Amino acid sequence: SYRNNLNTYNYTMSEDQRVIQTAIDECGSGDVVLKSGKTYTTGPILLKNNINLDLNGATISGSTDPAHYPDPRATYHTSNHYLIVANQKTNTGVTGPGKIIHNVAGYYGSDDDNLNPNDVDIGGIMLNRSQNVWIRGVSGSQRLEMIGHSVGYHAVVGRSNGAVVEYVSVTGDMDSGGTDGIDIQSSSNVTYEDVYLNTYDD
């Protein structure tokens, strides 16, 4: 499984990452609500079935410490190092308002097979091989905001069935030559509505 793959590699959770991941793991179902106005500095957060991660006005910011991520040489093609991941899950997603800031200055790499632990591209959200998933704000004035400088994808809905992406804004680096906004890949029954993209591609 994706979780087992991550646990195989040597990386250390930040304190904020541990708090959020523990809340998700211990919650049977329902909402995991973050503290409004707080900035959480994390590596990958793994969603599970029947959980909604409610940002509630908080910010999730990607750590600049490589120790908070799995070795990119081992996991690049399976995880692509996203801050929030649902892999083979059902009824799960992320809601706003709030911000996800990924690939912050100091931890930036290239889309290349020859990566080292200090050179990796950090994406925002990956929903992969899942059912009934979402990336959602509340309204046009209360959006889920994604901000980053990824040369890959800010968010991906891949090989999934039943997805909602709405009231989301994505702001990327217009000079990087990448920065795909939100990629819908090989998925069905997707609702994509009121999404604002200011990115180089997509």
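Start by selecting strand 6 and strand 9 (residues 123–128): the two pair in the parallel sense over five bridges. Strands here are DSSP E runs of at least two residues, helices are H or I runs of at least four, and both are numbered from the N terminus; two strands pair if DSSP finds at least two bridges between them. You are looking at a predicted model, in which local features need pLDDT of at least 70, side-chain atom pairs count only at pLDDT 80 or more, and totals for chains, interfaces and linings use all residues. Residues are numbered from 1 along each chain as its sequence is written, and side-chain values use heavy atoms, leaving out hydrogens and water.

Stay on strand 6 and colour residues 82–87 by accessibility. Six of the six are buried, so the strand is largely enclosed by the rest of the structure. Buried means under 20% relative accessible area, exposed over 50% and partly exposed in between, with a 1.4 Å probe and protein chains only.

Click on isoleucine 84: isoleucine 45 stands opposite, while in strand 9 its bridge partner is isoleucine 125.

Next, show the largest nonpolar core, with 33 residues; Ile84, Ile100 and Ile125 have the most contacts inside it. Such a core is a set of buried Ala, Val, Leu, Ile, Met, Phe, Trp, Tyr and Cys residues joined through side-chain atoms within 4.5 Å. Strand 13 gives the largest share, four residues.

One last stop is a second, separate core of five residues, including Leu46, Tyr82, Val85 and Val156.
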